[in-house]
Amino acid sequence: MSEEIKILLELQHLDYMIKDWRNDETRKQFQKIGFKVEDDPVQMLLKKREKLAERINKSLYQMYERILSRYKDWAIVPVLNGFCGGCFSKVPTELSGQRKVINNCPNCGRFIYWD
Amino acid sequence: MNLYSLLKPERINLDLASRKKQEVLRELVGAIRKNEDADLLVSTLLKREDLGSTGIGKGVAIPHGRSLVVDKLELVVGRSKEGVSFDAIDKKPVHLFFLIVAPPQDPGNQYLIILGRVAVVCQELLKRKAYEKPETPEEFIKLVKEIEGKL
């Protein structure tokens, strides 16, 4: 797995966390359980996100943002048994030979990676 | 939803070797994923810990996160006799861990339900240090089942 894929995945995991902390129901449940957090967890996570984004090239980051704003769920997905983990269409076998570089699903455009 | 039905003997470690936060997270994650997936999960869990420890006091911690590396909710239990330094809110060492990893989108928001359920069951497990008694993962599951039967 390339360093860029790793960073994109970390970015996406941060985005899941930010989404949770922005959700009132989730925050209430976290508080009810007894988790004590920073005054503004979302702000703290956004700062982490910014730092992480600086570690990949700008065009790649912009593409990540574009894909995310289009699909709202995830921008980078694993290839599972030869199928895109986002749209579930068949990924051409010739792409599997390029596992070390970042590829996009020819159907949905999401970044894809192989485990 | 019952917690005991999600517990699997191979994901219950009643004798954790780690004594520090990052190490114990890696040990717990190791029960569900290896290699790069495990690295990613540990990194995510540590970012969550940076917001405030998931050590909720009285020797219990519930590290949690969402990740695409799992396709269904995964639960891992760890117990440490000596205790782990985990920056818990009461500053005491943590002896009982419930790690919860859920996919980003889970039906019926199972993630939140299970988090709440774990917190409730932990309160019962703490009574008279009941969590210390099981000697095997199967006994631990049985204990959780008994507790849930009384809730």
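This is a predicted model: local features need pLDDT of at least 70, side-chain atom pairs count only at pLDDT 80 or more; totals for chains, interfaces and linings use all residues.
Colleague: How many bridges join strand β1 (residues 76-80) of chain A to β2(A)?
Modeller: Residues are numbered from 1 along each chain as its sequence is written, while chains are lettered from A and ligands numbered from 1 in the order in which they are written. Strands (E, at least two residues) and helices (H or I, at least four) are DSSP runs numbered from the N terminus, and two strands pair if DSSP finds at least two bridges between them. β1(A) and β2(A) run antiparallel, with A:Val79 opposite A:Cys84, and the number of bridges joining the strands is two.

Colleague: Which are the edge strands of the open sheet in chain A?
Modeller: The four strands of this sheet have the order β2-β1-β4-β3, with mixed pairing. An edge strand pairs on one side only, and here the edge strands are β2 (83-84) and β3 (103-104) of chain A.

Colleague: In chain B, which residue of β6(B) is the bridge partner of B:Val76?
Modeller: Strand β5 (residues 74-84) pairs in the parallel sense with β1 (residues 12-13) of chain B over two bridges, where B:Ile12 stands opposite B:Val77. With β6 (residues 94-102) of chain B, β5(B) pairs in the antiparallel sense over seven bridges. In β6(B), the partner of B:Val76 is B:Leu99.

Colleague: Which residues touch the most other members of the largest nonpolar core?
Modeller: A nonpolar core is a set of buried Ala, Val, Leu, Ile, Met, Phe, Trp, Tyr and Cys residues joined through C-beta atoms within 7 Å; buried asks for 20 or more other C-beta atoms within 10 Å of a residue's own. Leaving out residues up to four places away in sequence, B:Ile100 touches B:Ile62, B:His64, B:Leu73, B:Leu75, B:Tyr111, B:Ile114, B:Leu115 and B:Val118. Of the 68 residues in this core, those touching the most other members are B:Phe97, B:Ile100 and B:Val118.

Colleague: What is the mean pLDDT of chain B?
Modeller: The model as a whole scores pTM 0.93 and ipTM 0.88. In chain B, 100% of residues reach 70 or more, and the mean pLDDT is 95.

Notes
A residue is buried if 20 or more other C-beta atoms lie within 10 Å of its own, exposed if 12 or fewer, and partly exposed in between; C-beta atoms are placed from the backbone. Two residues are in contact if their C-beta atoms, placed from the backbone, lie within 7 Å. pLDDT is the predictor's confidence in each residue, from 0 to 100.
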